[in-house]
Amino acid sequence: MSVFDELIGQQRVVETVLDAARGTGMTHAWLFTGPPGSGRSVAARAFAAALQCTADEPGCGVCAGCHTVLAGTHADVEFVRPQGLSLGVKEARELVSRAALSPSGAGWHVLVIEDADRLTEGAANVLLKAIEEPAARTIWLLCVPSAQDLVVTIRSRCRVVALRTPPIDAVATMLQSRDGVDEATATFAARVSAGHIGRARRLATDKAARDRRAAVLRIPSALSDVGACLEAADELVKSVNAEATELTTELDEAETASLREAFGEGASATGLGRGQGGAALTRGASRAASSALKELEGRQKSRATRTSRDAFDRALTDLAGFYRDVLVLQLNSNIEVANADREAELRALAGNSAPESTLRRLDAILACRELLDANANPLLALESLMVQLRAG
Ligand SMILES: [Zn+2]
């Protein structure tokens, strides 16, 4: 066992960070790049563990150092996951002041920023100063889809570690050995996810995710008239909202309850402002409580927006994958289709439409994604998409 076990098909990355952990080519700022689902943050976490490992061979996976880093409880390793749409100046300042602290142990103080592409411009500037003049034992690990996602001033100070899309058979093997998924399901999930490990795992282990994908892939054949287009858009919006609500509600409730508790109120009570035992909080404490609650609500709202945007993104990715397969068949290329379980529908659509219209459909999906990113009304954006998909 080693901390690199979950890194699939990334031998060069493993070698690079292992060398660094052994002392060759070590530097204060690292950039982990790679397509979504390739394992950027998994690689960064494994590297952080290897840096705290106490075994002779770094990254043993079993010593206290490795173990606590992987569990997220190591005192000198902090993971930052922007949960909203962006990571702002205030959070960046707090992070930078923590980064200036010396590690509590003898090793490195490691800060891992997942989704560093969500840093606002101001936050990136704050971070830049810390990366330009790093504390002696502080290491920054930033994860982004591609190096271009970060301002060049930061990028140029980082050593880049590039992950590739993992091979499909390697993902399938991992799903079987680690998640105990049967061979057929593992192969299916790895293939339709085109090497996106998180998606493959979700499809392999979660029936609701498989059902959602099936519903999305039924759309192209169902767009018989404008009424059907509007209905498909409506159903997709409802399904995405349900998925997003399911993902956030429980988390929101737990956070709100623990905040109320922190301010001396039982989780079951309603309204803030009364301390433990029913005594009224002082006016100052009460104000602090309600402002903290407001701040939490703001963060939760931002996270909800991101969660639902991510869910739309998954649905549109599935839809684009379907039309990409149609194009593969129309062009008679020797590439295997990803959605092999939909071959009949793919062949039907490939046979009665032209490649040009498939390309227009793919463009329409891309345009819809951009609209959603720009905060467009989802229902309107999807209705327009469905009408364009029908027209071809
Ligand atoms: Zn270890």
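Modeller: The following account begins with the chain and then turns to the core.

This is a predicted model, in which local features need pLDDT of at least 70 and side-chain atom pairs count only at pLDDT 80 or more, while totals for chains, interfaces and linings use all residues. Residues are numbered from 1 along each chain as its sequence is written, and side-chain values use heavy atoms, with hydrogens and water left out.

The chain has 15 helices and five strands (DSSP runs, H or I of at least four residues for helices and E of at least two for strands, numbered from the N terminus). Of its 392 residues, 43% are buried, that is, under 20% relative accessible area with a 1.4 Å probe, protein chains only.

A nonpolar core is a set of buried Ala, Val, Leu, Ile, Met, Phe, Trp, Tyr and Cys residues joined through side-chain atoms within 4.5 Å. The largest one comprises 36 residues, and Leu319, Leu382, Leu385 and Met386 have the most contacts inside it. Two or more residues each come from helices H10 (207–222), H11 (226–262), H12 (283–330), H13 (343–351), H14 (355–373) and H15 (378–391). H12 supplies the largest share, 12 residues.

Beyond its neighbours within four places in sequence, Met386 is in contact (heavy atoms within 4.5 Å) with Ile219, Leu223, Cys229, Ala232, Ala233 and Leu236. A second, separate core of 34 residues includes Ala46, Ala48, Ile139 and Leu163.

Definitions and conventions:
Buried < 20%, exposed > 50% of the residue type's maximum accessible area, 1.4 Å probe, protein only.
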